[in-house]
Amino acid sequence: MKDFYLEILHIDKQTGARYGILHTPHGDVEVPMFMPVGTLATVKTLSPEELHQMGAGVILANTYHLSIRPGAEIVQKAGGLHKFMNWDCPILTDSGGFQVFSLAENRKISEEGVTFKNHLNGDKLFFSPEVSIDIQEKLGADIIMSFDECIPWPSSYEYTKKSTERTLRWAKRGLDAHKREDQALFGIVQGGDYEDLRKMCAEELAKMDFPGYSIGGTSIGEPKDKCFEMIEYAIKYLPNEKPRYLMGVGSIDYLLGGIARGVDMFDCVLPTRLARHGALMTSYGRVNIKNEKYKEDFTPLDPNCDCYCCKNYTKAYLRHLHVCEETFGKRLMSIHNIRFLIKLMEGARQAIKEDRFGDYMKATLAAFGDERGF
RNA sequence: GGGAGGGUAGCGAAGAGGCUAAACGCGGCAGACUGUAAAUCUGUUACCUACGGUUUCGGCAGUUCGAAUCUGCCCCCUCCCA
């Protein structure tokens, strides 16, 4: 598809991080970028207008969840996801592969696909590579994912090999089933933390010539160095000119570490979930807004932040809203956390363009001052 | 004045002789969260010089090896009838 391609404009001399523009049918976005997650066709508590204001480029939605409610046909009748949810910029849908992992108690995997017992009423729900592609074509996102199995960590070599080979066969089947010309279908690199399996998977996917490649099976409880290894094992064997998407990563250290290793795109529920739970990412570290010490703190959450929340409200007010379980607090804090990550990316892009991404990473992590990086 | 029912940790509320420093809920405090079954989940919440010790279930006095639980008196609250 010619509407979709990555234009790499600069490579950071310190780290090899990439700056570029991703062209999509719904507009161009700069990378590296962070994509907020709107599983059910909404980034929880936020409006599209707010997301635009924060500088969000692409947002995610989920195939498994939308196929249950409201159903792919309804979204299709609505005119596709963009119209349905009033989001005119690019959308990426995940294939349901993550649910193979997260809903593992209620599913059975076979060569043909995965039979879920749907988490709402126990109905049988069969997902194959073809079914997932069909649903994603109906949803109509700009970027769609191959149906894979997100393998738990740790997993045995034998299981990882078996599953990764199956994911590869599924990728091929999805590719064959995919018809829409205005959607970029990404292949997903699995392989656990085994270098040879990651290599094999990446090389095989590269042969299939996807318009983009995802790195899956990370940020599911593995240690940070493992995650970075898995990224490196995969990226080494992926074509340079294609976009690389590290799935499910959203903490500051992982994001910066991913960029340094050549990742272009990230998504994560972390900023929105943390926000709803009163945990905030700031330039000086993590803030748990419900802590008593903020009761009378009438200063902004993050003096270095330009978001609507930080410009207009105090920590004491945010704490009050959170303690009272007021929805507005969740919105304000979601705005902040997402804006924080998007701003982190803006800084990263600028640093790459100026060949100082390594310094930027070091300084940002030092200022954050938390080993955990979120 | 007569009758009935009550007083348990910050609040609500179980418990009706030892397994009870006292269930459970709320509130408080703290923590977790990474391609969203998450506006969710976990820990903690009498006091202390804290792998042990001290003082508790309206008050006082008893019964008992042992009492929040049984007895007596007192104080207070709620409801009904006058």
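**Rings, burial and a sheet**

Mentor: Phe357 and Tyr360 are three residues apart in helix H15 (residues 357–368), so about one helical turn separates them. Helices here are DSSP runs of H or I with at least four residues, strands are E runs of at least two, and both are numbered from the N terminus. The model is predicted: local features need pLDDT of at least 70, side-chain atom pairs count only at pLDDT 80 or more, and totals for chains, interfaces and linings use all residues. Residues are numbered from 1 along each chain as written, chains are lettered from A and ligands numbered from 1 in written order, and side-chain values use heavy atoms without hydrogens or water.

Trainee: What average pLDDT does chain A have?

Mentor: pLDDT is the predictor's confidence in each residue, from 0 to 100. In chain A, 98% of the residues score at least 70. The chain average is 96.

Trainee: How many aromatic pairs does the structure hold?

Mentor: Rings of Phe, Tyr and Trp (its six-membered ring) pair if their centres lie within 6.5 Å; planes under 30 degrees apart are stacked, over 60 edge-to-face, the rest tilted. By that rule, the structure holds 14.

Trainee: Which kind of pair do Tyr308 and Tyr313 make?

Mentor: Their ring centres are 5.6 Å apart. The planes stand at 70°, so the pair is edge-to-face.

Trainee: And which kind do Phe357 and Tyr360 make?

Mentor: Their centres lie 6.1 Å apart. The planes are at 35°, so this pair is tilted.

Trainee: Is Tyr308 buried, partly exposed or exposed?

Mentor: Buried means under 20% relative accessible area, exposed over 50%, partly exposed in between (1.4 Å probe, protein chains only). Tyr313, at 19%, counts as buried. Tyr308 has 39% relative accessibility, so it counts as partly exposed.

Trainee: Which residue lies over the face of Phe228?

Mentor: A charge sits over a ring if NZ of Lys or CZ of Arg is within 6 Å of the ring centre and within 35 degrees of the ring normal. Here the distance from the ring centre is 3.9 Å. The residue is Arg261.

Trainee: What is the order of the open sheet of three strands?

Mentor: Two strands pair if DSSP finds at least two bridges between them. Three bridges join S7 to strand S8 (residues 114–117), running antiparallel. The edge strands are S7 (107–109) and S9 (124–127). The order is S7-S8-S9.

Trainee: Which residue in S8 is the bridge partner of Arg107?

Mentor: This residue also belongs to an aromatic cluster with Tyr64, Phe127, Phe147 and Trp170. The partner is Phe116.
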